[in-house]
Structures are given as structure tokens and as C-alpha cells.
Amino acid sequence: MKKTKLTESAVWKKLDRQSQKIKEDSLRALFERNPDRVKDFSLQSQGIYFDYSKQLIDKETMGLLLELAREQKVKERMDAMFAGKKINSTENRAVLHMALRAPANAEYLVDGKNVMPEVHQVLSKMTAFAEKVRNGQWLGYSGKPIKNIVNIGIGGSDLGPVMAYEALKHYAPSDMVFRFISNIDGSDFAEATKDLDPEETLFIVASKTFTTLETMTNAQTARKWFLEKARNESSVAKHFVAVSTNTAEVQKFGIDPENMFGFWDWVGGRYSMTSSIGLSTMIAIGSELYGEMLKGFHLIDEHFRNAPFEQNIPLIMGLLNIWNNNFLDAHTQAILPYDNYLKRFPAYLQQLTMESNGKHVTLDGETVNYQTGTIYWGEPGTNGQHSFYQLIHQGTRLIPCDFIGFKQSLNPLKPHHDYLIANMIAQGEALAFGKTLEEVIGEGIEESLAQHKVFEGNRPSSTFFLEKLTPENLGKLIALYEHSVFVQGAVWNINPFDQMGVELGKVLAQKIIPELMNKSTQINHDASTNALIELFRQ
């Protein structure tokens, strides 16, 4: 196999040897040898309790992982990111999503210029607009206030807003409707608008370039849907606003540039939910609670920037992912929030993690010979327990789990929350320690059936406990995973901030579209692609 600097490093080889030792050990034995293990492998900071004692590690493992982070210059890369250096080297851009949630008196530099005045100028513009809509002062063309908000975007322009709305809908006004359209499948548009009154509907069109195929196709359909009732094109300006940087295209669409909310090329799409992409979130929860969410992000940004490695939650999260992926051969990560409001959180993390670290070459253009991006997936508890947990408990794959729970419920129905959290804690215990054959037989189970009831255990997990699902705590959770992704990319020496892999399919689709729409167009692809096009044409 091809050698790389990373896999040839002394610390990587030590970790490889350490993994063979750990594979012969067990969480049962580790806890028996150290009954106070949780004290050594848990952290409490920023209102977050992070228990990683059920990970397949010992003190030697953590020491080596921290050594790996230092050898791969994670701190230096982190400092370069916060300093506005162009660490997105393939696109020659700075990476400063942290500036979007920093207070006005902070300083973040891009090309020597402090971007904070611009950030807070846009934030103030968003606040003024959002409060007008929420207070009923923004009127549609017929004089009615806006009751329906429809966000049109895709990828980072959709996953962040829809996840945030679902997570925080408890705080949204009950007399307003929030919908999200992303898929170019016409069914998405039809279902989102079928019961809405155009006179009371505001569309937020979120596209940096205002040329994204899916977003602009849906936006044009929305415009047509609206004008079927409004008739007058000048009315578009009352019912459409833009999150974009392309003033010419926004004006051409019929949107007043005054109602265009800009952002910057140093914000990647999947890191953009605290930019103007968050306009729908601000309308939903109000500017004050939106500010609380930004505060949560900022608290973790500062924790990541300043906490020593041994006490740095996102750093340890990232290192544990590398340990599980590269040394224990666990190529997926389950995200299991025990709060139904977080049902879209795993989908949001899929883009954040897999679009960021799904790379096969290093920053130097060298092909890697190690696994990079972990596959993230999950569902809320307890639903997942009745679908895929079987595979996690008794399947042949090692699947590390992140459990996320809150001490208080936003809807404290007795005894629901006690049952919910009891299940979360029990799952972590069952995954770690399982049930031996002797224990099963000791319960009086016949030997012929006993083997089927054995749980091997030794399945790693981490648990995050917070007080309550507030906007601030949502911000903290997202920022934890953002910075964990950065740590993984830094260790793997890849660029977590571009997404070249998104482009090829888009380019080929542009060639295939006219071939599908015009049967006389000559087609010239491989045999399989040609056959599919012909089948659709028929």
C-alpha cells in the first residue's frame, strides 16, 4: 500500500499498535479496573456534560491521540482559521463562519479588514425585517399581513434553516406557518404550497449566485404560482425577498434590492445558517432568541479556541472519531438525539460532516491511503430503538453512537420525559456492557435459545447532556460538531471547506436535460445512460 506522511508517522504507528491492544480488551474490564473511569473521561463546560468514558479508549490511547493532534498542527491550523488566513486553499478563501456569531466589538480580519461591522450591518437589517413580519407591519399586495413563510433553497440554504425551525418550533408563533422547499421534484413545491394563500405568503429565495438550478426553478414556479392570483408583477416585491450576492439577477426576478440580504465568500454553505441564510429562523423565533442562539455558537467557538486540548470538547470529539474510524474500523457514526425536536439534526450533520470530509486527496494533492469522512446517520430516540438499534447491538459492524439528551423537556408530560431519558441512559449501558451467555443462562433461558439473547457489548458511545433545548443550547451543539469536523480534517490533512464532488453530476445533468426534453436530440453516453434516457423519452 502507498505510504503517506501521516501513516508513516511514529505516533500513527503507535496508535495502530494500541488499537490491537484495545481490541483484545473490553469496556467491562476497563470499568472494572478503574471504577472511577467516568472522572477521567468526561468534561463539563459551557453548560454541556460530555461523557466519553464508554469509548474504547484508555489513558494511553488519549495521550497518543492528543500527540497526533499536536503533530498534525491542529492548534496552528485553528489559529490560522480564526486569524482569517485563506485555509480553504483550493478556493483561496478564508473560513470565518465564527465571525457570524461574534459580538460587534470582536475582530475578525479578511485581507486585513475587520468584517464585523458588515456582519452586524446585515444582522441589523435582518432584525428590522424579521420584526416587521412578526409584528404584522409587513403587508402583502392586498394589505394583509404575512402569515406564511416559505424558504426556497437547497443544501446549506435549506438543511440549516429547516433543522433550526424544527428544533426551535416550540418558540415559534402558533399563528404563522413555516415551510421549506428544496427538492427539484415538483411534489415538494406542490405539497408545501397547496393550502397557502398567496396574499399572506412570503418567499425567501436563498441562493448566493441566484443561479442554482434547483432553487431558481422552484423560485420561478413560486413566482408563477403567486402571479396567478396577484396578476400584477409589481406585487412580487411585497412577497419575495432574496438571500444572495447577485443584485442584477435579484432585480431581474422582481425583488427590491433593499430586500436582498447578502453574505460573503468566506462562509461555506454548510456553515452558513448563522448568516442571512438564517432569516427564516429569525422570523420564526424572533431576534432576541436568535441572538441567544448566536451566543451559544460563540461560547463554543471561544471554548474551542482557548480550552487546553485535554479539556477541549470539540477537539476530543474529533479525535475519538479518528480513533474509531482509522484504528477500530468503524466507518459510520450514529447520531441519536433523545428529543423529538431534533429529528432533522442527523440530516443536518450529514451535510456538515460528509460534504466537508468526503475527500480522497490531501492539501498537497496526495492520494490518501487511510479512511477520511465518516458516514453520519441517525434518528431520534426512542423511535430508532424500534428500527436499527438491533444492528448496533447484535450486528457484525462496530457503530459508535452519540447520545444527546436534555434534563428538562419543553413539554413536560408525566411520565414521558423520565421514560425517554431512562431509555437513552439504558442504551448506552447496554451497548457498553451487553449480556454474557452465563448471564442469559442464569436467567433460566434454555441453552438452545440463549446464544440468540447474548449481547456482546463493547460498543462505544458518548453522551451529551444539556439542561434544556433552548436556542442557545442548539447553537452550542451545532458548533461542537462544526469544530469536530475541522479537527478531523486537520489531522487527515484534507480541506473540509470545499465540495468539488458536488459539481460533476450537476454538469452532466445540464447535458442530459435537453436530451430528455427533446426526443430529436442525439444522445451519446455509455450504454446504460443511453438506455435510461431512451426509457424516459418513451
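User: Which residue in β13 is the bridge partner of Phe403?

Analyst: This is a predicted model, in which local features need pLDDT of at least 70 and side-chain atom pairs count only at pLDDT 80 or more, while totals for chains, interfaces and linings use all residues. Residues are numbered from 1 along each chain as its sequence is written, and side-chain values use heavy atoms, without hydrogens and water. Strand β12 (residues 401-406) runs parallel to strand β13 (residues 461-466) over 6 bridges, where strands (E, at least two residues) and helices (H or I, at least four) are DSSP runs numbered from the N terminus, and pairing requires at least two DSSP bridges. Within β13, the bridge partner of Phe403 is Thr463.

User: In what order do the strands of the open sheet lie, and which are its edge strands?

Analyst: The open sheet is built from 6 strands with mixed pairing, in the order β1-β2-β13-β12-β10-β11. Pairing on one side only marks the edge strands, which are β1 (42-45) and β11 (375-377).

User: Which residue in the turn of the hairpin formed by β1 and β2 has a positive phi?

Analyst: β1 and strand β2 (residues 48-51) pair in the antiparallel sense over 4 bridges, and Leu43 has Phe50 of β2 as its bridge partner. The hairpin leaves 2 residues between these strands, and the turn residue with a positive phi, of about 55°, is Gln46.

User: Where is the kink in α13 centred?

Analyst: Helix α13 (residues 279-306) has 28 residues, yet its end C-alpha atoms are only 30 Å apart, short of the 40 Å that a straight helix would reach at 1.5 Å a residue; the expected span is 1.5 Å times one less than the number of residues. The bend is the angle between axes fitted to the seven residues ending at a residue and the seven starting there. The kink of about 115° in α13 is centred on Gly286.

User: Which elements give two or more residues to the lining of the largest pocket?

Analyst: On a 1 Å grid over the protein atoms alone, a pocket is an open set of points with protein on both sides within 12 Å along at least five of seven lines, a cavity is a set where a 1.4 Å probe fits but cannot get out, and lining residues have an atom within 4 Å of a point. The largest pocket holds about 850 Å³, a volume being the space filled by probe spheres set on the points. Its lining has 12 nonpolar, 15 polar and 9 charged residues, with Gly counted as polar and Asp, Glu, Lys and Arg as charged. Of its 36 lining residues, Lys208, Gly269, Gln499, Glu503 and Lys506 lie nearest the centre, and the elements giving two or more residues are α10 (213-230), α15 (345-357) and α21 (503-517).

User: How much space lies in the second largest pocket?

Analyst: Its lining comprises 16 residues, of which Asn340, Ser409, His416, His417 and Leu420 lie nearest the centre. By class these divide into 7 nonpolar, 8 polar and 1 charged. The space in the second largest pocket is about 400 Å³.

User: Which element gives the largest share of the lining of the largest cavity?

Analyst: The count comes to 2 cavities of 30 Å³ or more, and the largest cavity holds about 100 Å³. Its 13 lining residues include Met317, Leu320, Asn321, Gln333 and Asp402, which lie nearest its centre. The largest share of that lining, 4 residues, comes from α14.
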